Amino acid sequence: MIFDSHTHLNSDKFAGEVPELLERAKKLDVTEFAVVGFDTESNQRSLALSAEYQNIWSIIGWHPTEVKTYSRGAEKTLEQQLEDPKAVAVGEIGLDYYWMEDPKEAQEKLFRRQIAIAREHQLPVAIHCRDAFADTYRILKEERIHELGGIMHSFNGDPEWMKHFLELGMHISFSGVVTFKNAPEVQAAAKEVPLERLLVETDDPYLTPVPYRGKRNEPGYTRYVVEKIAELRDVPWQKIAAQTFQNTAALFGIEERL
Ligand SMILES: [Zn+2]
């Protein structure tokens with residue numbers, strides 16, 4: 001069994017197709033899913049899915065590219081949404097210096113606010129970090145993130161950066177990027193990460209792994225991420241599947257509910 005720790009099944013791109021997508025995923029042995037939101041509406045759609053399907057869980061929070069739409073009202077709604085028993089983490093939150101929709105300072109403020117909310121609800125965090133390793137590291141360290149735990153989602157750094165985040169107690173989640181020929185540093189990280197800190201994800205509909213690169217990504221393709229990591233580490237894929245499944249369930253605190 002495989003746990004896709006980060007999917008956007010709540011995306012418009014999958015509208016009306018969720019039952020078939022879950023069916024196809026099951027055939028590839030992908031059986032549990034964390035659906036991730038980024039603003040009020042996408043968070044709500046994630047919760048609607050986790051209410052409908054027993055094997056869907058919700059990660060909800062406010063994305064760094066959504067600084068402008070955050071407000072006191074939005075925060076209040078988020079606090080209410082986090083009361084849902086299927087909400088298992090706060091995310092995706094962090095810093096995005098690639099799109100740089102808002103100044104660094106505004107992103108940092110929202111990021112810290114989201115961590116405070118996660119702390120209030122005693123939940124781990126799912127981190128979006130794009131071209132912002134140094135500041136993300138500094139903030140997570142200052143915020144004592146080891147007390148909450150969390151995920152470096154779709155990790156795209158080198159082993160050196162990975163070590164820093166591991167020292168903060170973070171889990172490292174790999175997406176389809178690990179299957180790309182032009183990502184040797186990510187592959188090196190996937191080879192070195194301690195097994196008990198390893199997670200897998202699709203981040204669909206984006207980042208489609210080989211052999212479907214260029215097409216739309218979907219949750220079942222977590223299988224190809226698992227297979228690639230297994231190949232890199234020279235172990236059976238079932239071992240990576242089982243360990244990452246267990247890691248994800250433990251981090252979300254849902255072992256007894258599966
Ligand atoms: Zn995502």
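Here is a short tour, stop by stop. Before you click, note that this is a predicted model: local features need pLDDT of at least 70, side-chain atom pairs count only at pLDDT 80 or more, and totals for chains, interfaces and linings use all residues. Residues are numbered from 1 along each chain as its sequence is written.

**Stop 1: helix α4**

Select residues 104-120, which make up helix α4. (Helices are DSSP runs of H or I with at least four residues, strands are runs of E with at least two, and both are numbered from the N terminus.) The expected span of a helix is 1.5 Å times one less than its number of residues. For the 17 residues of α4 that gives 24 Å, and the end C-alpha atoms are 24 Å apart, so the two agree.

Now colour Gln-107, Glu-108, Leu-110, Phe-111, Gln-114, Ile-115 and Ala-118, the buried residues of α4. (Buried means 20 or more other C-beta atoms within 10 Å of a residue's own, exposed means 12 or fewer, and partly exposed is in between; C-beta atoms are placed from the backbone.) Where do these residues sit around the axis? They cover an arc of only 165°, which puts them on the same side of α4. (The arc is that of the directions from the helix axis to the C-beta atoms.) An α-helix has 3.6 residues a turn, so residues three or four places apart point the same way.

Turn to the face away from the buried side, and you'll find the exposed residues Glu-105, Ala-116 and Glu-120.

**Stop 2: helices α2 and α3**

Show α2 (residues 40-52) and α3 (residues 72-81): their axes come within 11 Å and cross at roughly 10°. (Axes are lines fitted to C-alpha atoms, for helices over the stretch in contact, and angles run from 0 to 180 degrees between N-to-C directions.) The two helices are therefore roughly parallel to each other, a label for angles under 35 degrees. In contact here (C-beta atoms, placed from the backbone, within 7 Å) are Thr-40, Asn-43 and Leu-47 of α2 with Ala-74, Thr-77, Leu-78 and Gln-81 of α3.

**Stop 3**

Zoom in on Gly-91 and Glu-92, joined by a cis peptide bond with omega about -5°. Glu-92 is in strand β4. Another cis peptide bond joins Asp-204 and Pro-205, with omega about 10°.

Finish at Asp-234, in the loop between α8 and α9 (237-252). Asp-234 is not a glycine, yet its phi is positive, about 55°. Is it buried or exposed? Asp-234 counts as exposed, because it has 7 C-beta neighbours inside 10 Å.

Technical notes. Parallel < 35°, antiparallel > 145°, perpendicular 65-115°, else oblique. Contact = placed C-beta atoms within 7 Å.
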